[in-house]
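Subject: Structure handover

Hello,

Here is the structure for you to look at. Please open it first, then read my notes below.

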Amino acid sequence: MTDFLIVGSGVIGLLMARELASAGATVTLVERGACGQEASWAGGGIVSPLYPWRYTDAVTALASEAQRCYPQIVRSLIDETGIDPELEQTGLLMLEADDAPQALSWARQYDSVMESVDGKAIYQRAPDLALGFKQGLWMPNIANVRNPQLLKALIESVRKSANVNLIEHAQVKGFEIAQRAGKSFVQRATIDSKGQTAELQAGEFVITAGAWSKKILQPLGVNLAVEPVKGQMLLFKPPRRLLQTMVLTKGRYLIPRRDNHILLGSTLEYSGFDKSTSEDALHSLRQSAIAMLPLLEEYPVVKHWAGLRPGSPDGVPYIGRIESYENLSVNAGQFRNGLVLAPASARLLADILLKRETAIDPGPYKPERSA
Ligand SMILES: Cc1cc2nc3c(=O)[nH]c(=O)nc-3n(C[C@H](O)[C@H](O)[C@H](O)COP(=O)(O)OP(=O)(O)OC[C@H]3O[C@@H](n4cnc5c(N)ncnc54)[C@H](O)[C@@H]3O)c2cc1C
């Protein structure tokens, strides 16, 4: 029997498995499809919330802790696997934010490096931007990570670990519940793998199934306010570097990658579990890209995709034990910020499960708050 059975292997599940295994626990990680192909693959990889001052303290606490951990995690993944997640500190230029005074006061409060920039400073950092931007905010320390590479490295790291048993193409269909001393506990999970049913036992069960977490927990009487929120993205492949920094305006952003690729994100659509892309979104996203960086008009969109974010109220994830069960916990609902929040989210739940001291107060993320 394994110590922990983790359901879902996006960035959260993979980091949870790595955390628990590195502490000596045995882990079975069960993934419905192939690892790391859902929201964690689809995202942009900005290692910061967009407009970070518009979030609650609970999101800021996780984001700050995660930003502190990211360089070390990336270094250790490169050492372990030889795969580089390409963490690039390009900085983030935010244009046309109409709440700049609040942003600057938030930055002072949280010791975050942010400065107000005028037109001259904007075009020094991004000379090819469309003309007319007069005011902006500049956060030089913000990085982006090439999330598909990050996932590759995490999968490789988990595969190499003697403590992790990774089972792909196996969907968790349900759980068998029993009672012990007046409290419910999960005895085993039922898995469907290529038409075959299997039962898996574990000491603890951890749900990291992103947008699907609510569906998995509902039959257990747990009502988590997590819903799928679709985001569509575009990829351009210019032959030379057109942009040195990330740029954000009117909720849409450009992310330059190390190999000159530029990503444009993203839509925010409440349309259930539908993951299709649309011509309307393609047109609107492409127009946004060109409105920021007119040179992109010369280059075709080489890829257009969609992913389902695990949406939650205020973007505050659910991290912790489910109190009505002895051995069931959840780590889901990171919404638009799962890639940045992942290291701190995984560390927090691992600390709780391993009864270690937590780096941040777990109170605001308690799953019960949505019941
Ligand atoms: C377009 C877009 C742009 C984004 N940009 C950013 C960004 O720039 N920065 C940032 O920080 N965040 C960003 N995000 C958000 C981020 O990608 C997500 O918050 C994060 O990836 C969620 O990770 P996860 O592991 O919880 O979910 P997922 O990556 O979705 O993983 C959940 C996994 O659970 C599996 N699963 C589901 N049900 C079952 C089951 N019954 N049995 C077994 N397995 C199951 C799924 O197959 C999946 O692999 C973006 C998201 C999108 C869609």
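**Two packed helices**

Helix α3 (residues 57-81) packs against α9 (338-353) at an angle of about 90 degrees, and their axes are 7 Å apart. Axes here are lines fitted to C-alpha atoms, for helices over the stretch in contact, and angles run from 0 to 180 degrees between N-to-C directions. So α3 is roughly perpendicular to α9, a term that covers 65 to 115 degrees. On the α3 side, the contact includes Leu62, Ala63 and Tyr70. On the α9 side, Val340 and Leu341 are among the residues involved. Two residues are in contact if their C-beta atoms, placed from the backbone, lie within 7 Å. The residues of this contact divide into 11 nonpolar, two polar and one charged. Nonpolar means Ala, Val, Leu, Ile, Met, Phe, Trp, Tyr, Cys and Pro; charged means Asp, Glu, Lys and Arg; the others, Gly among them, are polar.

**How to read it**

This is a predicted model: local features need pLDDT of at least 70, side-chain atom pairs count only at pLDDT 80 or more, and totals for chains, interfaces and linings use all residues. Residues are numbered from 1 along each chain as its sequence is written. Helices (H or I, at least four residues) and strands (E, at least two) are DSSP runs, numbered from the N terminus.

**The core**

The largest nonpolar core has 113 residues. Such a core is a set of buried Ala, Val, Leu, Ile, Met, Phe, Trp, Tyr and Cys residues joined through C-beta atoms within 7 Å. α9 gives the most to this core, with 10 residues. Met16 is one of the residues with the most contacts inside the core. Its partners include Ile6, Val206 and Ala346, leaving aside residues up to four places away in sequence.

**Two buried residues**

Ala143 sits in the loop between β5 (135-139) and α6 (147-160). Is Ala143 buried or exposed? Ala143 is buried, because 21 other C-beta atoms lie within 10 Å; the cut-off for buried is 20 or more. Beyond four places in sequence, the contacts of Ala143 include Tyr70, which also takes part in the contact of α3 with α9.

Leu285 is in helix α8 (residues 279-292). Leu285 is buried too, with 21 C-beta neighbours inside 10 Å. Gln232 and Leu234 are among its contacts outside four places in sequence.

**The ligand**

The shell around the ligand holds 18 nonpolar, 20 polar and five charged residues. α9 is among the elements that each supply at least two residues of this shell.

Best wishes

Technical notes:
A residue is buried if 20 or more other C-beta atoms lie within 10 Å of its own, exposed if 12 or fewer, and partly exposed in between; C-beta atoms are placed from the backbone. Angles under 35 degrees count as roughly parallel, over 145 as roughly antiparallel, 65 to 115 as roughly perpendicular and the rest as oblique.
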